[in-house]
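Here are my notes on this one, as numbered points. Have the viewer open while you read.

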Amino acid sequence: MPVVEVSIGPQHPALHEPVMLRVRVDGEDVVGVEVVTGYNHRGIEKLAESNTFLKTLYIVTRVCGICNMMHSTCYVQALEEIQGIEPPPRAQALRVLAMELERLHSHMLLAAVVAEIIGFESLFMLIMRDRERVMHLKELLTGNRVIADYVWPGGVRRDLSPETAEKIKRSMDFLEQRIRYYMGVYVSDKLIRSRLEDVGVIPYSEAVRHGLVGPTARGSGVDIDVRRDDPYAWYSELDFRVARRNEGDSLARMMVRFEEMLESINMIRQVLEKLPSGPINSLKVPPRRFREGEAVSRVEAPRGELLYHVISRGGAKPYRVKIRTPSLPNILNSLIAYRGVTLSDVPVILASFDPCISCMERIIVVDERTGRERVESLRRLARLAGTDTRGGR
């Protein structure tokens, strides 16, 4: 039987974001996969260079709707290092509180989406219902349930009231019970196990060799986590365990996320118990101009290591803002997971990586026909996208 190419995407059943998998199959067996990206490129890095440092904060906060707190914190940490700003301890603790709420709702979203892809729609509905509690807590803390402009150079914008702290504490008891229940469903349900167990296996050596990060790497036994290995914000004050599994399959990646949700609840409780008193910002007014310098900042986003490299040549605008998101190495370097699977396994494997397409579209403009790099205006990029999307990546 000849090998046939099946295109999954760019709009497809696995995710509600555009990415295409060119899957070559021999019958039902997958013999090769090519990942095609570029459908969601927005030119954010170039846009940052033409806006002020503070306007860029609003731009990078909107790189991703799921982990926007991670992006804003990572960017602000770089600015604070360049300018020599030290946020007060209470602000650092509140940043951790907001980021762990974000990790909680991000992992719950993926657990629901994977259930939906498998065909377990009632489980999808139940998890999404409970996830709304987390979104409400994020709104109480930051002022918004999705996009939160909460982090600011020198601290955070809003303090935590005793009433909100009590609501968060009570909700953690409820959420812990529900997450343990959903974790039990994933472990015990025959349908879920048949679709995830021993499917999309990535051995430890391959995960290390291909530079995978986050729960995708930890599901293959790789013991990495920026929160522990290079502590930032207030993580050095907390006791927590880095979850990992050795199986390397799609089920292991989901189990790592469930265990991380329980650890997030543990960290949120610790922050509420130990929350320092004092101011939430070390500056009355954030600086409009930043001195010359550069900084690399890292945070552990829900999908893995997120990195910002900010260069300032002095003045009101950044010279360069480079963003490296975890989905980029995890999606482009994880093709090994598709070896030996059947066509019906492909959407489940892709979802188990928790890819964020809006995060990973951070690609330098390259003319594929000549192989030369060049700087293009956003208007010309838009024209190229309208006539030849692949040529304009």
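1. Where is glutamate 100 found? Glutamate 100 sits in helix H4 (helices are DSSP runs of H or I with at least four residues, strands are E runs of at least two, and both are numbered from the N terminus). Before going on: this is a predicted model, where local features need pLDDT of at least 70 and side-chain atom pairs count only at pLDDT 80 or more, while totals for chains, interfaces and linings use all residues. Residues are numbered from 1 along each chain as its sequence is written, and side-chain values use heavy atoms, with hydrogens and water left out.

2. Glutamate 100 is buried, at 0% relative accessible area (buried is under 20%, exposed over 50%, partly exposed in between, with a 1.4 Å probe and protein chains only). Its side chain makes a polar contact of 3.3 Å with that of arginine 227 (a pair of N or O atoms within 3.5 Å; within protein, one must be able to donate a hydrogen and the other to accept it, and residues adjacent in sequence count only if both atoms are side-chain atoms). Neighbours within four places in sequence aside, glutamate 100 is in contact with Arg227, Tyr235, Ser264, Met267 and Ile268 (contact: heavy atoms within 4.5 Å).

3. The largest nonpolar core has 89 residues, and Leu104 and Tyr186 touch the most other members (such a core is a set of buried Ala, Val, Leu, Ile, Met, Phe, Trp, Tyr and Cys residues joined through side-chain atoms within 4.5 Å). Helix H4 (residues 89–118) supplies the largest share of this core, 18 residues. There is also a second, separate core of 23 residues, with Val19, Leu21, Val25 and Val222 among them.

4. Helix H5 (residues 121–142) passes a simple length check: its 22 residues should span 32 Å at 1.5 Å a residue, and the end C-alpha atoms are 31 Å apart, which agrees (the expected span is 1.5 Å times one less than the number of residues). Its buried residues include Asp130, Arg131 and Lys138. Among the elements covering the buried residues are H4 and helix H6 (162–188). Just after H5, glycine 143 has a positive phi of about 105°.

5. Strand E7 (residues 304–315) has nine of its 12 residues buried, so it is largely enclosed by the rest of the structure. E7 pairs with strand E6 (residues 290–301) in the antiparallel sense over 11 bridges (pairing takes at least two DSSP bridges), and two residues lie between them in a hairpin. E7 also pairs antiparallel with strand E8 (residues 320–324), over five bridges, in a hairpin with four residues between them.
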